[in-house]
Amino acid sequence: MYDEIINSRTLSQATAVFLNFPPRSFPINEAGGILRVSIGRAAHILNRLTALGLMRGFSKHGKKFFYLNTQHELPAWARNKILKGRKKAEDKLSADLKKLGVKAVFLSGVFTGYSTLPVDLLLVGRVDLKKLDSFLVKWQSIMGVELNYSLMSENEYLSRRDTFDKFIKDIFDHRVVAVVDRLGKK
């Protein structure tokens, strides 16, 4: 299996990209843009990596998403061969989220493979609502689904986190990606 990936320029390049990104999900069109291939080619690559156990997929509202299977232990020798000499791809989602200037941003829901969770983004702190609206318009178009978010003040978030609030607990009981976290963990 690892030889197939290592010996295939396409599969090794795709694997390297997803190994270097935060563990979040990607719609096929975004993955195609990152890999610089057509949507059809991206679907073929991601389906092959899924069949090999390196990726997982799910659907939401007819859109297919893929994410790195973190349960699959890629041996160090294979990981090193795959990553050797490759540049880290830029995560435009993380870059755009950081521009919002909030104290914390957590990816959940559709971004982490749990499409049934009520929140895809948890934002903590003050945010310019025009910037947030522009972000949502752009990323809803890229993701192909409506993004559900929750915006809390720092005090509300800390209070809810520290009292094991059900809403916060439900989010953090699943895989979450902290894009920005200037508040630290309890």
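## A hairpin and its turn

Strands β2 and β3 make a hairpin with two residues between them. Strands here are DSSP runs of E with at least two residues, while helices are runs of H or I with at least four, and both are numbered from the N terminus. β2 covers residues 55-60 and runs antiparallel to β3, with six bridges joining them; two strands count as paired if DSSP finds at least two bridges between them. One of these pairings links M55 to its bridge partner L68 in β3.

In the turn sits H61, with a positive phi of about 50° although this residue is not a glycine. H61 is exposed, with a relative accessible area of 69%. (Exposed means over 50% relative accessible area, buried under 20%, and partly exposed in between, using a 1.4 Å probe and protein chains only.)

## How to read this model

Please keep in mind that this is a predicted model: local features need pLDDT of at least 70 and side-chain atom pairs count only at pLDDT 80 or more, whereas totals for chains, interfaces and linings use all residues. Residues are numbered from 1 along each chain as its sequence is written, and side-chain values use heavy atoms, leaving out hydrogens and water.

How many residues does the largest nonpolar core have? There are 26, and those with the most contacts inside this core are I5, F18, L46, L49, M55, L74 and I82. A nonpolar core is a set of buried Ala, Val, Leu, Ile, Met, Phe, Trp, Tyr and Cys residues joined through side-chain atoms within 4.5 Å. At least two of its residues come from each of α1 (2-7), α2 (9-20), α3, α4 (39-51), β3 and α5 (76-83). α2 gives the most, with six residues. Another core lies apart from this one and has 24 residues, including L107, V110, L132 and L136.

M55 comes back here. Leaving aside neighbours within four places in sequence, M55 is in contact (heavy atoms within 4.5 Å) with F18, L46, L49, T50, F66, Y67, L68 and N69.

Helix α7 holds 15 residues, 129-143, and at 1.5 Å a residue it should span 21 Å; its end C-alpha atoms are 20 Å apart, which agrees. The expected span is 1.5 Å times one less than the number of residues. L132, F135, L136, W139 and M143 are buried in α7. They cover an arc of only 100° around the axis, so they lie on the same side of α7; the arc is that of the directions from the helix axis to the C-beta atoms. An α-helix has 3.6 residues a turn, so residues three or four places apart point the same way.

On the other side of α7, K130, V137 and S141 are exposed. The buried residues pack against several elements, among them β1 (26-27), α6 (92-98) and β6 (149-152). At the N-terminal end, D128 caps α7, with a side-chain oxygen 2.8 Å from the backbone nitrogen of K130. Just after α7, G144 has a positive phi of about 80°.

## The loop between α8 and α9

T163 lies in the loop between α8 (154-162) and α9 (166-172). Is T163 buried or exposed? T163 counts as exposed, because its relative accessibility is 55%. F164 is in the loop between α8 and α9 too, and is exposed with a relative accessible area of 59%. The phi of F164 is near 55°, a positive value in a residue other than glycine.

Key: A polar contact is a pair of N or O atoms within 3.5 Å; within protein, one must be able to donate a hydrogen and the other to accept it, and residues adjacent in sequence count only if both atoms are side-chain atoms.
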